Amino acid sequence: MAAKERVYVNFFRPSSANMKAEARIAAIVILFWALLSYLLPLCIFLAGMSDPAGMGESFFTRTRFLGFPLHYWLIAQGCTIGYILLCKLYCLLWDRKVSRLPR
Amino acid sequence: MKRKTLIPLLAPLLLVLFAGDLFATGEEIFEIEQGFKLIPAVIMISLLCVYVGVGFLSKVSDTSGYWVAGQGIGKFGNGAAIASDWMSAASFMGVAGLLYLKGWFGLGYIIGWTGGYVLLLCLIAAQLRRFGKYTIPEFLGDRFDCHVVRLLAASVTVIIAITYAAAQFKGIGLICGWIFGMSYTASVFFAAGVVTAYMLISGMAGVTRNQQIQYVVLISAFMIPLWVLIQKAGGAGILPQLEYGPILSGLMEGKVAGGPLSAEEALELRRTFLPWGTGNFYQFIALVFTLMVGTAGLPHIMIRFYTVKNEDIARKSVLWGLFFIGLLYWSSPVYAVLGKFWNPNGGTTVADVIILSAPERANLGIAYIGYLASGAMAAGLSTVAGLLMAGASAIAHDWYATVLRPECTDKQALMVGRIFTAVLCVIVIVIALNPPALIAQIVAMAFAIAGNTIFPAVVLGIWYSRSNKYGALAGMVWGFGMTLLAMAGWILKIDFFGPEGWLPATSSALIVCPIAFLLNILVSNIMHEKVSEETADRGDSILRKLHNLPAPLPEAGTVPDTDAPRRI
């Protein structure tokens, strides 16, 4: 007897148009999420490597943005605002790409 | 009202009455006057009556209503409920204190707790809503067609609910003690009575509606003093969240309210706000990652997506939930920075009361202090309610109604749910009355447990069709075991598991979670042939639902009913 055809789901190789659209949107948003969450602290870390005291003094800590030290604003408000915008982006993309697909 | 309904309702009312008899001299909690305070007490009692009243008006009579609010909550409402569920007494009172002590490094908690929602939205929210049942253990148990996975997930849910709720009760007890002048013991009973009463009366519908009201109370109470405080510190008092930057920049140069600091004090203050002054890069990334996957894996947050009308609202409610949470997390650093401005050398004693002492500093009067305490109380109650609901549903629905007594009626399952809500509440009270010294660390580890155990299993359950019960079990046992090992290592003060070690118990997911993913994938592939046709059919049927895939062709029409409970 031939093997029964099974449902195939893989985030990196989506099988249906619907799944493809969903996975692509998720991948885009997760990419930006990773940049915000990990690349930003990494930049702050790399920039501060020249600080002999090892506390991360750099361009980020000396620059002021809205009166804030840039390194503080980026994490305290920049990231959280970024996450909310990413959620909005996800909903917008979903409405455009997924909701219009035939079920 | 029928006698059957009266019995579970009388228990919490007796608890409240019992608490009244236990009035004693108040504990010294905050450096504010002790004893019974009439105006704050009136404010708090009124709000508690509103909560119980709302619960009574939202009374439900079926299991769907009890567990998932009849799936009729909208995006703003669910967003507020997500935020309220999320904001515990610890978030309300503790984050500002944490930022006061840890400075820039403490911001890792803020991005960890908010960034997790993006993961939740992208990978889990809409698909879980399509599954459309009641609990996370149910999802895992059905997807992998395995009662062991179901029971393990239910146990993890219960452990998280109990530890997390016990810590909340501790906070609620302290607040009640301060307002009513009760002993700590009495106030824990009092708070437990209130929370159990409205949960038993209403179930999830009442809890969700109350959480919306509680969100308004807690966020307004939290934010109003900021306008006065920022003016006192020299700001314009228009948008405090954007006005504290110059004060912070001044702090980094040693400028504080009380005049010049010594060179050593100024350096210490500067160190607090520099990136790696209070922790290193690895510790920061490990903390952020653990909190993110932990947030996305917390069952009482995931269960929220079952309560909404449809998947569209599930997605949009995450957006609104995150915005509502953001309001609190944009405000917490203002308190921390102003605290440093007025009191740069304070330790944990200043950090602990940074929120509750704010109205006094802002001269907002005793009534406002009552309102703020009610806000903190609302934060604690709403979180406890959500946790107990998730914990009780794991026991009653996943243990009792699915595994132990699959033939039970809807009515019996509902009654068992109510009984277990009360039982869990009693367990939490016992722990809250004798809190272990390490309760704060154990609660922090709830995120590691959720991130290492639940998150990988749920994500692969949704997005990887080859993931099967063997892989899921291997990943979950590894995640749970390693989290427990790290906890034990932490308690035994082994450096490797300590705050400065490679596998800190509170930040273990950076290493453990990816391995849990790998193990799940690896074992699933190795054991692929061992999965029975029937189990594979059931998994396929769920995956079709999760991803809106077409039904199988008629000749392959042997797909069994996935709703039927089964044993392995």
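A: Helices and strands are taken here as DSSP runs, at least four residues of H or I for a helix and at least two of E for a strand, numbered from the N terminus. The model is a predicted one.

Chain A contains three helices and two strands. Along the sequence these elements come in the order α-α-β-β-α. Chain A is more spread out than a compact globule, because its radius of gyration is 21 Å, well over the 13 Å that the globule rule gives for 103 residues. Along the principal axes, the C-alpha atoms of chain A fill a box of roughly 70 × 30 × 15 Å. Buried residues account for 38% of the 103 residues of chain A. Of the contacts in chain A between residues at least 6 apart in sequence, 48% join residues at least 24 apart.

Most residues other than glycine have a negative phi. A:Leu66 counts as exposed because it has 11 C-beta neighbours inside 10 Å, and the cut-off for exposed is 12 or fewer.

Now the contact between the chains. Chain A contributes 47 residues to it and chain B contributes 48. On the side of chain A that touches chain B, at least two residues come from each of α1 (17-47), β2 (68-69) and α3 (70-98). The largest share of that side, 16 residues, belongs to α3(A). By residue class, the side of chain A that touches chain B divides into 29 nonpolar, twelve polar and six charged residues.

Within this contact, α3(A) packs against helix α6 (residues 107-131) of chain B at an angle of about 5 degrees, and the two axes are 9 Å apart. The two helices are therefore roughly parallel, since angles under 35 degrees count as such. From α3(A), the contact is made by A:Ile75, A:Ala76, A:Cys79, A:Thr80, A:Tyr83, A:Leu86, A:Cys87 and A:Tyr90. From α6(B), the residues include B:Leu107, B:Ile110, B:Ile111, B:Thr114, B:Gly115, B:Tyr117 and B:Val118. The residues of this helix pair divide into 14 nonpolar, three polar and no charged.

B:Ile369 is buried, with 25 other C-beta atoms within 10 Å. Leaving aside residues up to four places away in sequence, B:Ile369 touches B:Pro40, B:Pro359 and B:Glu360.

Chain B as a whole has 24 helices and zero strands. Of its 568 residues, 60% are buried. Among contacts in chain B with a separation of 6 or more, 83% are between residues 24 or more positions apart.

B:Ala286 sits in helix α14 (residues 281-297) of chain B. B:Ala286 has 22 other C-beta atoms within 10 Å and so is buried, the cut-off being 20 or more. With residues up to four places away in sequence not counted, B:Ala286 touches B:Pro504, B:Ser507 and B:Leu510. B:Ala286 and B:Val384 are 98 residues apart along the chain, and their C-alpha atoms are separated by 27 Å.

The other residue is B:Asn548, in the segment after α24 (533-546) of chain B. Its phi is positive, about 50 degrees, although the residue is not a glycine. B:Asn548 is partly exposed, with 17 other C-beta atoms within 10 Å.

Conventions. Residues numbered from 1 in each chain as written. Chains lettered and ligands numbered in written order. Predicted model: local features only at pLDDT ≥ 70, side-chain atom pairs only at ≥ 80, totals over all residues. Rg over C-alpha atoms; globule rule 2.2 N^0.38 Å. Contact = placed C-beta atoms within 7 Å. Nonpolar A, V, L, I, M, F, W, Y, C, P; charged D, E, K, R; others polar. Axes fitted to C-alpha atoms, helices over the stretch in contact; angles between N-to-C directions. Parallel < 35°, antiparallel > 145°, perpendicular 65-115°, else oblique.
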